[in-house]
Amino acid sequence: MATQPVLFDAASHARRWIEEYRAHGLRGDVLAANDDPAWAATFEELAAVAADDLGQARERVQRHAADIGTGFRIMGEEAERPWPVSPVPLLIDGAQWRTIERGVIQRADLLETILADLYGPQSLVHRGHVPATLVTGSPYFLRPLVGLAPPGGCHLQFVAFDLGRGPTGEWRVLSDHLRMPTGAGYALENRLAVSRALGGLQGRLNVRRHAPFFAAFREGLSAACHRADPRIGLLTPGRYNASYAEQAHLARYLGFLLVEGEDLAARDDRLYVRTIGGLKRIDALWRRLDPRMLDPLAFDTHSRIGVPGLIDAWAAGNVVIANAPGAGVLESAAFAAFLPQLATRLTGADLILPSIATWWCGQERECAHVRADMASMLLGSAFGAPTAALTDTIAAADMDDARRAAFLADLDRRPQDYVGQEIVRLSTMPVVIGDRMEARPFTLRVFAARDADGAWQVMPGGFARIGEHADTRATVMGDGLWSADVCVHGADPVAQVSLLPAPDSLHIRRNPGTLPSRVADNFYWLGRYLERGEALLGAIRLMLGNSIDADTGAALARDTVGRLVGEIAAGNAAPRPASLRRADLVPFARTALEATGGQWQSVAQINASAQRIGAGSRDRLSADMVRLLDAPFPKQPGMLDRCGSLQRRYAAIAGLSAEHMGRTAAWRFHDLGRRIERAGAIARATRRFGLPGASLDDLTTLLDLADSQISYRQRYLTGIARVPVVDLVALDPGNPRALAFQVEAIRDHLKKLPVLDDDGMAEPQQIEAAGLYALVTTVQAATLDDETLAEVERRLIRLSDAIAHRYFLQGAEALRAAGLTLA
């Protein structure tokens, strides 16, 4: 009798996992004594994906997060880390979520009311409800903004709160995030990664979607602007910011321009973005920049990443900034001590989501309480900045005698700098550690944004941060080891809402939108660096290969090697070797290939430059391109093997550029950089290896450097001759590696890029390109000489300078009045 196949039972695996997890007996866990069928459904979906291997489920979700491009950076580190996502989401039922939602809206309204008073009549201070030192002592209170009404009438457009769930199920607010609320992009990316891994969970549990929240925020920000079709930017500090990957993802998802301070310019109390088509009006900024760095004329005069005049444009009502500068004054732990009384006084109701108990030592009675009871408290900075005794929040019980004495001494000197807070115990949730589920404490970050009517909309869910250790004290958990999607579920079906266009949408758009000058600059130099690295790699491979042997070859071969070494050394890739013997050439090649530190322009150094540009352009590059640029330098034992690995990587990047990038202005600048770099390399190589008197080895080397060996052999069957080689490499417009091909492509790109004036006259960069094209297309291979090729190189340098001057507006360059498009 045939054996019947054993069917996999996902439900039984789910029950077993839940029973094993509950056997730990953790009090206050979200799964303890919880027979919610939603949890059973979640683990059934996990079992369907991973069978009996929970580690596989974790790796699958992590792989999806990597495909999305999710990452983060630790302060002081240059490389990004992958964003850690748990395959097990946090589940919150609709009834419990409605309480959280009401509490978030109440708190956001309360904070808006307080901010309007602190930067307006300041009646709360005058009446003694808020101590003056609580306001003026905060580094985030911006006195120059007192009396200025924010455009749109609201200080807060987007807020976030960290919530902790206690062992008995109550939720409390651990901290407020008003200056630069981060994490909404990570919540979105967590949802994408988990939904791809557990595809059936959303429909099965009727999980509420994030898209309506983001749509409401976008509409709310637009409604606060004067123009009907506003241009909105997401202002980032740059790629070294810890959450830059999240910012790039949000800008792409919401359709905002990702801009840095150097992209922007204030003129006549209006804000503009510098683009390749001139200055374009910016109506609103969602900022991720410290407000003190926003405008060196208004705040910190040392700021190099802000926009001079931005606050004047904001004060004039011509640009919305979300959130308004100065909102961070309410983030301080000290202010949390006053929120319960302020809520009762201003709203007539207690806080639905209470803050953790806090005592500000700037008050005599509260300071005495902290002194007497500090053994059971957390001690921290009142205003978030490090103090003389504390750099971070710490449990007093964890202090040694010396640290406790230092704290008490500074508390005597400056009591207003400190707070005491209760120690919060957190609930736990399941997380996959290795190949099993374990309980870890978690916090929940929730988000709220204003819609087009000014009302608060709360993101259904948010993201959970999961602690590394089982210790449930909130202070021990820190930033957490893992993150988790948060699913708000219920019995009612959820509408399929997305910011992506509907499948049957008839709206068509072929204009890719505004291209900031900085982005054009980055794409141009990305193309140049990639082409430069590939050309240098080709020369190194040729020198190391067997086609030329400097030890045993003829004198002419030695001359060719010498010229090849000169070509590499002229690019400052490595110091010229002592001799042309292989014992000296190998170290020379190794330096040109792998040297780091900035002294030599090696392949590794050039790759690092390309990598930095790619990291700062991830909102416009595909995930595959970013991965290839970020790939580590090859580690194969043989140098030629490493060269081969790099060559394949260059080929893959070139293929993505040629076949996967839309023919937008960004692509044109990228290709323009490639063409100018390649044209210069071919001109130099022809001068070294293709002029009268060139040997057979010289000509072979020239064909190899131009990657034209096969083309020549197919065209000429009688052997290698100088004039045909020069014609193919330099003057044949049908050879994609030839100088003439590059010059024609350069001319065509510059014809299709925008110009400032509509008078029909050519701009300087177009004139330079036309002159270069005329020079190259009118010369003959037989008469092509060193002076002509030198003139080509000089013209390429002038052309690059003209392109940079026209399109790459940088730093404090004066704004040009003529021909600007102030749209």
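Let's start at Glu 260, which is buried, with a relative accessible area of 16%. Keep in mind that this is a predicted model. What does the side chain of Glu 260 meet? It pairs with Arg 518 in a salt bridge, at 3.4 Å from N to O. Glu 260 sits in the loop between strand S7 (257-259) and strand S8 (264-267), while Arg 518 belongs to helix H17 (residues 517-544), so this pair ties together parts that are 258 residues apart in sequence. Arg 518 has a relative accessible area of 7%, so it counts as buried too, the cut-off being under 20%.

Arg 191 and Asp 485 form a salt bridge, and their closest N and O atoms are 2.7 Å apart.

Next, have a look at Arg 440. Its salt bridge partner is Glu 438, with the closest N and O atoms 2.9 Å apart. At a relative accessible area of 12%, Arg 440 is buried.

Finally, go on to a group of charged residues. Which residues are linked in a network of salt bridges? The members are Glu 768, Glu 787 and Glu 791, together with Arg 794, Arg 795 and Arg 798. To put these stops in context, a search of the whole structure turns up 45 salt bridges.

Note on methods. Residues are numbered from 1 along each chain as its sequence is written. This is a predicted model: local features need pLDDT of at least 70, side-chain atom pairs count only at pLDDT 80 or more; totals for chains, interfaces and linings use all residues. Side-chain values use heavy atoms; hydrogens and water are left out. A salt bridge is a side-chain nitrogen of Lys or Arg within 4 Å of a carboxyl oxygen of Asp or Glu. Helices (H or I, at least four residues) and strands (E, at least two) are DSSP runs, numbered from the N terminus. Buried means under 20% relative accessible area, exposed over 50%, partly exposed in between (1.4 Å probe, protein chains only).
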